[in-house]
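Please look over the sequence and structure below before reading on.

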Amino acid sequence: MDHDHYADAYIRSILSEVKTIAIVGASANAARPSFFVTKYLAERGFKVFPVNPGQAGKEIAGLLTYATLKDIPEPIDMVDIFRASEHVPQVVDDALALSPLPKVIWMQLTVRNDEAASKAEAAGLKVVMNRCPKIEYARLSGEIGWTGVNSRTISSKRPLRLGQGVQRLSLDRSGWKK
Amino acid sequence: MSDHTPGFSTLAIHAGAQPDPTTGARATPIYQTTSFVFDDVDHAAALFGLQTFGNIYTRIGNPTVSVLEERVAALEGGTAALGVASGHAAQHLVFHTLLEPGDEFIASRKLYGGSINQFNHAFKSYGWNVVWADPDDISSFEAAVTPKTKAIFVESIANPGGIVTDLKAISAVAKKAGVPLIVDNTLATPYLWRPFEHGADIVIHSATKFLGGHGNSIGGVIVDGGTFDWTASGRYPFLTKPRPEYQGIVLHETFGNFAFAIACRVLGLRDLGPALSPFNAFLILTGIETLGLRVQKHSDNALEVAKFLSQHPAVAGVNYAGLPGDRYYDLAKTYLPKGAGAVFTFRLKGGYEAGVSLVSNVELFSHLANIGDTRSLIIHPASTTHRQLSDEQKTLAGAGPEVVRLSIGIEDAADIIADLDQALAKL
């Protein structure tokens with residue numbers, strides 16, 4: 001697996017398949033990226049579980065926060081890691097101890113640990129490193145273009161609005177076969 | 001599309017644009033509206049707090065303008081862009097984001113006259129101090145670096161034309177100094193030259209010129225190359241310090257390799273206000289769809305015209321980098337393999353009086369102060385744009401009394417040459 005470059009299809013398949021996401025290192029501070037990635041993903045229809053021992057039992061972005069991964073009461077599809085790279089092996093070990101196993105380990109922008117990634121991949125998990133799922137969702141849905149960001153995608157298919165909002169887009173497009 | 005990387009012409013037509021989510025409109029609609037409704041109070045708060053992507057108010061962003069932004073970012077190979085009211089506004093916002101009062105920046109002394117004025121006068125009133133350097137002498141850039149230097153600014157092909165800047169060499173000076181290299185790519189356009197591939201960190205455009213290309217709309221674009229590490233130097237507080245305007249967000253940490261474009265938008269455009277009108281953005285976008293076709297024709301025509309002038313008895317010399325033997329010919333071969341652009345100057349043996357007569361004698365060329373129009377344009381700088389300068393200053397600026405500047409259009413080359421031929425015959 002080439003972790004310097006990810007095909008759009010790989011990222012899209014991950015974000016289309018996962019339904020539940022644990023955010024390890026979610027912050028209660030609304031100025032922190034880990035706060036608004038949590039909030040954004042929840043608003044895009046994912047079921048999000050913040051993980052932060054210091055905030056356990058409280059809410060982050062309106063979501064009940066857990067002390068550890070194993071405290072989350074339902075199966076987790078993706079573990080999104082907002083911790084420095086040297087703390088990743090412990091988070092991956094915790095994730096691999098879950099039953100059922102998660103499908104995806106995702107490390108945020110600037111976070112990368114190739115050894116931990118190999119361990120997760122050996123257990124059958126998909127891994128993404130040094131990317132942000134908020135940016136990737138916005139890039140592949142077309143939302144990120146509203147901010148003048150180069151999505152590096154082009155499509156002649158109409159984007160689909162997500163839910164009842166006027167400014168939320170789906171990852172699907174009209175005319176695409178599922 | 002899949003992970004195949006589209007070519008320039010495909011990006012020029014498609015990048016940033018998608019069928020309208022609501023109506024299915026295929027051409028980019030003109031969203032002629034000041035404001036956009038929020039889903040609810042929470043959505044509004046998230047938008048104002050930079051926590052989600054979306055539209056609030058057209059001074060900050062607009063869906064027609066944002067298609068232009070993404071398209072120019074894609075064509076330049078940058079991470080993001082910001083559309084603004086003019087090329088001058090683009091420069092204003094770039095320097096506002098980088099400099100604090102008392103800081104310095106180094107600029108090539110061979111620039112568009114309007115930029116020289118902006119740097120010498122308007123920027124000085126903000127305490128942003130320009131230090132001039134000579135693009136033909138790279139050591140003058142090195143010598144100009146001080147602890148106060150925050151950026152280096154050059155034009156890729158420099159106005160009034162004919163000058164090709166050695167971007168790789170100047171980029172090396174910028175990297176050594178730890179400052180971003182800003183390149184005005186207006187005259188080259190990304191079709192002829194992509195400065196990010198030669199070490200630029202920020203590209204700006206007067207979209208008024210070749211991007212729009214039809215002489216009908218004023219506009220500017222800032223493109224973020226995503227290449228400069230703002231946090232490493234710590235000298236750019238707009239990007240690396242918690243912003244009180246946004247609950248303490250740190251922009252570089254939050255937006256990574258497109259943080260500079262975001263900073264220009266949310267700290268510059270939002271507060272200083274030079275927004276691009278959606279209608280102008282639409283016209284510029286329409287122009288960009290044919291950018292590659294037009295600029296190739298502009299450039300091919302310019303070479304024909306330059307060859308004609310170089311052999312004309314009334315002409316003392318032609319400054320066009322596409323001509324073999326020109327002092328910039330080798331640099332043009334390196335950086336501009338598809339052509340040396342459409343704007344250049346030539347010198348008349350008859351001096352000032354001949355220049356004044358020539359602009360009167362032409363019938364196809366338009367006598368005006370713009371460049372990068374489909375139409376061929378002519379100006380005699382000494383009697384117009386540079387009139388207020390002394391003769392010595394005129395010569396230093398490449399605008400001596402005998403100099404005429406052309407912006408070659410995309411009419412038939414034979415007709416452009418015939419017009420110059422008849423006008424020169426009357427001198």
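**Cysteines**

The model is a predicted one.

- Cys132(A) is buried because its relative accessible area, 7%, is under the 20% cut-off.
- Cys264(B) also counts as buried, because its relative accessible area is 0%.

**Domain layout of chain B**

**Extent of the domain interface**

- Contact between the domains of chain B involves 33 residues of domain 1 and 35 residues of domain 2.
- Domain 1 and domain 2 of chain B bury about 2800 Å² between them, and carbon and sulfur atoms give 62% of that area.
- On the domain 1 side, Tyr191(B), Leu192(B) and Phe210(B) lose the most area to domain 2 of chain B, together 26% of what that side buries.

**Polar and charged pairs**

- Between domain 1 and domain 2 of chain B there are 13 residue pairs in polar contact, with both residues at pLDDT 80 or more.
- The salt bridge count between domain 1 and domain 2 of chain B is 1.
- Arg327(B) forms a salt bridge with Asp136(B), with 3.5 Å between the closest N and O atoms.

**Elements on the domain 1 side**

- Strand 6 (163-164), helix 7 (167-177), helix 8 (189-192) and helix 13 (278-288) of chain B each give two or more residues to the side of domain 1 that touches domain 2.
- Helix 8 of chain B gives the most to that side, with 4 residues.

Note on methods. Residues numbered from 1 in each chain as written. Chains lettered and ligands numbered in written order. Predicted model: local features only at pLDDT ≥ 70, side-chain atom pairs only at ≥ 80, totals over all residues. Heavy atoms only, no water. Buried < 20%, exposed > 50% of the residue type's maximum accessible area, 1.4 Å probe, protein only. Contact = heavy atoms within 4.5 Å. Buried area = accessible area lost by both parts, 1.4 Å probe. Salt bridge = Lys/Arg side-chain N within 4 Å of Asp/Glu carboxyl O. Polar contact = N/O pair within 3.5 Å; in protein donor to acceptor, adjacent residues only side chain to side chain.
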